[in-house]
Structure formats: C-alpha cells, structure tokens
Amino acid sequence: ASRMVREVGLFDPKYSFYYSDYDYCRRVTLSGWQIYYAPGAIVRHKVSLSTQRGPAAAHWWRNMGLAESQFYRQYESYTQLAIHVLWIVVRTVLQGRARYIPAYMQGLRDGFDV
C-alpha cells in the first residue's frame with residue numbers, strides 16, 4: 001500500500017471534503033492498481049450532522065456542487081453529470097430541502113469557472 005501511495009499521491013486538496021474519496025479511487029485505478037471490497041472491514045467516519053442541518057448548511061451544499069462539477073469534468077461525461085444533478089435535485093426536493101438547491105447550483109457553476 002505504501003508503494004501505491006507514493007505512486008498515486010495523497011488526496012487532492014481541491015476536494016475539500018466531497019468527492020475526495022471518489023477522486024482518489026479513480027486515480028488509484030487509472031494508475032493500474034486494484035481496489036478490493038473487504039466485507040469484514042470496519043471504517044469509522046466522524047461526521048457532523050451540522051454539515052447538512054446547521055447554520056452553514058448552504059456552504060456545504062455549495063461545496064458539494066463545486067466538487068461534483070470538478071469531478072465529473074475530470075473523469076466523466078457531461079451527460080452523466082446532468083443525470084446526477086437531476087437525481088440530486090429531485091431527491092433534495094422530495095426530502096423537503098429545496099432551499100439548498102440554489103447553493104448547490106452555485107457550486108456547480110463555480111466548478112466550471114475553476
């Protein structure tokens with residue numbers, strides 16, 4: 001694993017928290033390494049619900065949109081991004097959190113300006 005980390009590098013700092021794992025896994029596989037599923041592994045991730053419900057929630061939604069646009073521009077097609085954005089918007093509306101969609105959309109736009 002240390003050889004892989006030396007070859008692939010660490011997490012890309014442009015992904016502040018959303019999509020950092022997707023980007024890392026993509027770089028690992030593009031470098032010829034394989035990723036395996038370990039069903040017995042336990043990973044603890046300390047996360048705060050404030051990222052979705054606190055006073056700064058719109059900030060987190062903007063960051064998610066920003067990270068998504070950067071990731072999809074780098075690795076996927078615009079069609080896949082459009083489908084994913086549609087899914088996020090519909091899901092968010094159905095969950096009663098439509099107020100965050102403008103921040104999310106701003107992040108998507110900002111990701112294309114980078």
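Modeller: Let's start with aspartate 23, which sits in helix H2 (residues 20-30); a helix here is a DSSP run of H or I with at least four residues, numbered from the N terminus. This is a predicted model, where local features need pLDDT of at least 70 and side-chain atom pairs count only at pLDDT 80 or more. Residues are numbered from 1 along each chain, and side-chain values use heavy atoms, leaving out hydrogens and water.

Biologist: Why does aspartate 23 count as buried?

Modeller: Buried means under 20% relative accessible area, exposed over 50%, partly exposed in between (1.4 Å probe, protein chains only). Aspartate 23 has 1% relative accessibility, so it's buried.

Biologist: And what does the side chain of aspartate 23 make a polar contact with?

Modeller: The side chain of tyrosine 75, at 2.6 Å. The cut-off is a pair of N or O atoms within 3.5 Å, where, within protein, one must be able to donate a hydrogen and the other to accept it; residues adjacent in sequence count only if both atoms are side-chain atoms.

Biologist: Why is the pair of tyrosine 19 and tyrosine 72 called edge-to-face?

Modeller: Rings of Phe, Tyr and Trp (its six-membered ring) pair if their centres lie within 6.5 Å; planes under 30 degrees apart are stacked, over 60 edge-to-face, the rest tilted. Here the centres are 6.4 Å apart and the planes at 65°, so edge-to-face it is.

Biologist: What makes tyrosine 22 partly exposed?

Modeller: Tyrosine 22 has 48% relative accessibility, so it gets that label. Tyrosine 19, at 7%, is buried.

Methods. Helices (H or I, at least four residues) and strands (E, at least two) are DSSP runs, numbered from the N terminus.
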